Amino acid sequence: MRLLVTGAAGFIGSTYVRLVKDEHEVVVLDKLTYAGRRENLPDGVELVVGAIEDRELVLQLTEGVDAIVNFAAESHVDRSIADQNAFARTHVIGTSVLLDAVRQRGVGRYLQVSTDEVYGSIEEGSFTETSPLDPSSPYSATKAGGDLLVSAYAHTHGVEAVICRGSNNYGPRQYPEKLIPLCVLNALHGDTLPVYGDGRQVRNWLYVEDFCRGINVVLERGRPGEAYNVGGPDECENIEVVQRIIELTGGDESLIEYVEDRPGHDRRYSLASDKIRAELGWEAQVGFDDGVARTVDWYRDNEPWWEPIRSGEYREYYERQYGRSLL
Ligand code: NAD
Ligand code: DAU
């Protein structure tokens, strides 16, 4: 297949491209925001720099394309609390432009990469694909807007669109604004690890390659118009994650710093992934202990990847967000 993969200069999309590049012909469309980097992509993959909401460009790039996989997003909840406008543009308007191109160009398949956050927070049990969408941050509200548009478009126009909702991903090349890489890099620098509120929030951790394998089977064999949850094998409290990173980096617990909570912070995410297991035979292969050890090793060994980030935009972001400088 010829694939247009949008947002693939970021963390998950670049992992996906690595997974499928030998099997499919891949063209990447990415705006290269602060989170997108050409270096994330493997050699030989064509990158077009531009936005998914650019209708003319998208129409040009979708000629002769068999499928679109849409990773393009503003992905950080804290940034959406500071200003949600780019989130609305990319997640809603961008998705709308891509869907129009699917229809106009007769693209055979469309996959929307989405998130467990569209369901909101759950105290007990797990969300299934029929749970109502009840997002609580500007990030997740705009992602839910994109999802609803995809479902309505498939229903109304009969295009072959599917949705994949992943839980919290982690692994190599994740921008350090997210909990795991932030704490790994701070710990490696002997800096404090900021824990929001009481640190007892629960996330369902999914190694990035497992998510990408899930996306691949849904693209190939998912039923049109359907959503598929792709949840990680382990649920942990944030404080347990931070403690594990401290053990792996040889630090001590005095590095933990409890800081002001995130406004509207979702307490717990949990996904039931029975549907993708039963229909498509997907199973997560990497448990949290193994995945987090691999992730720490990757950051330890790849300073040339993170050094330009830590000395660039991220440094200013960190000061705004945490009211102090990075070490
Ligand atoms: P990321 O921030 O690392 O990468 C996002 C990429 O999208 C960047 O390369 C950026 O330049 C690009 N982009 C942003 N706006 C664009 C636009 N308007 N047009 C074209 N490109 C644009 O994000 P990620 O963590 O790799 O997330 C990828 C997708 O997976 C997102 O849709 C996100 O909602 C979803 N998701 C993420 C997680 C997670 O834990 N990170 C979990 C589930 C789902
Ligand atoms: O659940 C899937 C989602 O996971 C994706 O859709 C998002 O794109 C992705 O960013 C992620 O969202 P979270 O908000 O859960 O991830 P983050 O890494 O920002 O935070 C994980 C948890 O750690 C959350 O409870 C907030 C907390 N946290 C985060 C940071 C950055 C802290 O305690 N301290 C921090 O400094």
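The following legends describe close-up views of a predicted model.

**View 1. Cysteines without disulfides.** The structure contains zero disulfides. For Cys183, the nearest cysteine sulfur belongs to Cys236 and is 13 Å away. Cys183 counts as buried, at 0% relative accessibility. Cys212 is likewise in no disulfide, and its nearest cysteine sulfur, that of Cys164, is 9.8 Å away. Cys212 is buried, with a relative accessible area of 1%.

**View 2. The open sheet β7-β9-β11.** Three strands form an open sheet in the order β7-β9-β11, and the pairing is mixed. Strands β7 (169-170) and β11 (234-237) stand at the edges; each has a single partner strand, so one side of each has no neighbour in the sheet. The pairing of β7 with β9 (residues 202-207) is parallel and runs over two bridges. Tyr170 stands opposite Tyr207 in β9.

**View 3. The largest nonpolar core.** This core has 35 residues, and those with the most contacts inside it are Ile180, Ile245, Phe288 and Tyr314. Elements giving two or more residues to the core include β8 (193-196), β9, α8 (238-249), α10 (288-301) and α12 (313-322). Helix α6 gives the most, with six residues. Leaving out residues up to four places away in sequence, Phe288 touches Tyr170, Ile180, Trp205, Asp234, Cys236 and Val241. Another core, of 34 residues, lies apart from this one, and Val20, Val69, Val208 and Val218 are among its members.

**View 4. The salt bridge between Arg79 and Glu177.** The closest N and O atoms of Arg79 and Glu177 are 2.7 Å apart in this salt bridge. Arg79 lies in helix α3 (residues 77-82) and Glu177 in the loop between β7 and α6, so the pair links distant parts of the chain, 98 residues apart. Arg79 counts as buried at 11% relative accessibility, and Glu177 is buried with a relative accessible area of 2%. Salt bridges that share partners join Arg79, Glu177, Lys178 and Glu313 into one network.

**View 5. The salt bridge between Arg165 and Asp147.** The side chains of Arg165 and Asp147 meet at 2.8 Å, N to O. Arg165 counts as buried at 4% relative accessibility, and Asp147 is buried with a relative accessible area of 1%.

**View 6. The salt bridge between Lys21 and Asp22.** The closest N and O atoms of Lys21 and Asp22 are 3.4 Å apart. Lys21 is partly exposed, with a relative accessible area of 30%, whereas Asp22 is exposed, at 70%. In the whole structure, 25 salt bridges are found.

Definitions and conventions: Residues are numbered from 1 along each chain as its sequence is written. Chains are lettered from A and ligands numbered from 1 in the order in which they are written. This is a predicted model: local features need pLDDT of at least 70, side-chain atom pairs count only at pLDDT 80 or more; totals for chains, interfaces and linings use all residues. Side-chain values use heavy atoms; hydrogens and water are left out. A disulfide is a pair of cysteine sulfur atoms within 2.5 Å. Buried means under 20% relative accessible area, exposed over 50%, partly exposed in between (1.4 Å probe, protein chains only). Two strands pair if DSSP finds at least two bridges between them. Helices (H or I, at least four residues) and strands (E, at least two) are DSSP runs, numbered from the N terminus. A nonpolar core is a set of buried Ala, Val, Leu, Ile, Met, Phe, Trp, Tyr and Cys residues joined through side-chain atoms within 4.5 Å. Contact means heavy atoms within 4.5 Å. A salt bridge is a side-chain nitrogen of Lys or Arg within 4 Å of a carboxyl oxygen of Asp or Glu.
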